[in-house]
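User: I have a model open and would like to go through it slowly with you. Could we start once it is on screen?

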Amino acid sequence: MRGEEARVAVAHLFSLVADNWTSVVNERCPSAWAWERHTQVIARRSGRTPTPAQDISLLHDQLLFSVGEIATLTGTDAATVAALLAAADREAGHRTGRASLWTSMIKPGASNEARWRRSFRLRTAAA
């Protein structure tokens, strides 16, 4: 999934959040609700469902999210995030080089909303 299709998927997610705003904000972890819906859309559109370890790797290695930020976004406790990150590292064999393609797109100091939007676009593009 690339370019325009990625923008459509992200726009769909934001529309879904807006349409369900009352129920979303009553969720235990609204960002996890949105992440799960986005993952479902990507799986449906791409025909491929990434593993939780692949999602964690994307957020950590390509978007440079901390373990705590990933836990907050996905609604997963930090210990599980760390275990999934270790599993992704074992699967890849090593950590170096995985982020080279997307690292230049990351702008340090960007607002949380901008980082969140980029995470969904990158998640979509990686599918």
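Predicted model: local features only at pLDDT ≥ 70, side-chain atom pairs only at ≥ 80, totals over all residues.

User: Okay, which residue takes a positive phi just after helix 4?

Analyst: Just after helix 4, Leu64 has a positive phi of about 60°; helices here are DSSP runs (H or I, at least four residues), numbered from the N terminus. Residues are numbered from 1 along each chain as its sequence is written, and side-chain values use heavy atoms, with hydrogens and water left out.

User: And helix 4 itself, is it largely enclosed or open?

Analyst: Helix 4 (residues 52-62) is largely enclosed by the rest of the structure, because nine of its 11 residues are buried, meaning under 20% relative accessible area with a 1.4 Å probe, protein chains only. The buried ones include Ile56, Leu58 and Leu59, but also Asp55, His60 and Asp61.

User: Which residues make up the largest nonpolar core?

Analyst: That core has 11 residues in all, among them Trp35, Ile56, Leu59, Phe65, Leu73 and Leu85; a nonpolar core is a set of buried Ala, Val, Leu, Ile, Met, Phe, Trp, Tyr and Cys residues joined through side-chain atoms within 4.5 Å. Helix 4, helix 5 and helix 6 (78-92) each supply at least two of its residues. Apart from it lies another core, of five residues, including Leu13, Val17 and Trp33.

User: How do helix 5 and helix 6 cross?

Analyst: Their axes, which are lines fitted to C-alpha atoms over the stretch in contact, come within 9 Å and cross at roughly 110°. Helix 5 and helix 6 are therefore roughly perpendicular to each other, a label used for angles of 65 to 115 degrees.

User: Which residues meet there?

Analyst: Val67, Ile70 and Ala71 in helix 5 meet Ala78, Val81 and Ala82 in helix 6, where contact means heavy atoms within 4.5 Å. The residues of this contact divide into six nonpolar, no polar and no charged.

User: Switching topic, where is confidence lowest and where is it highest?

Analyst: Confidence is lowest in helix 7 (residues 100-103), at a mean of 38, whereas helix 2 (residues 21-25) has the highest, at 93. Over residues 95-107 the pLDDT is below 50, although this stretch has 20 contacts in the model beyond near neighbours in sequence. For the chain, the mean pLDDT is 79, and 72% of its residues reach 70 or more.

Technical notes
Buried < 20%, exposed > 50% of the residue type's maximum accessible area, 1.4 Å probe, protein only. pLDDT = per-residue confidence, 0-100. Axes fitted to C-alpha atoms, helices over the stretch in contact; angles between N-to-C directions. Parallel < 35°, antiparallel > 145°, perpendicular 65-115°, else oblique. Nonpolar A, V, L, I, M, F, W, Y, C, P; charged D, E, K, R; others polar.
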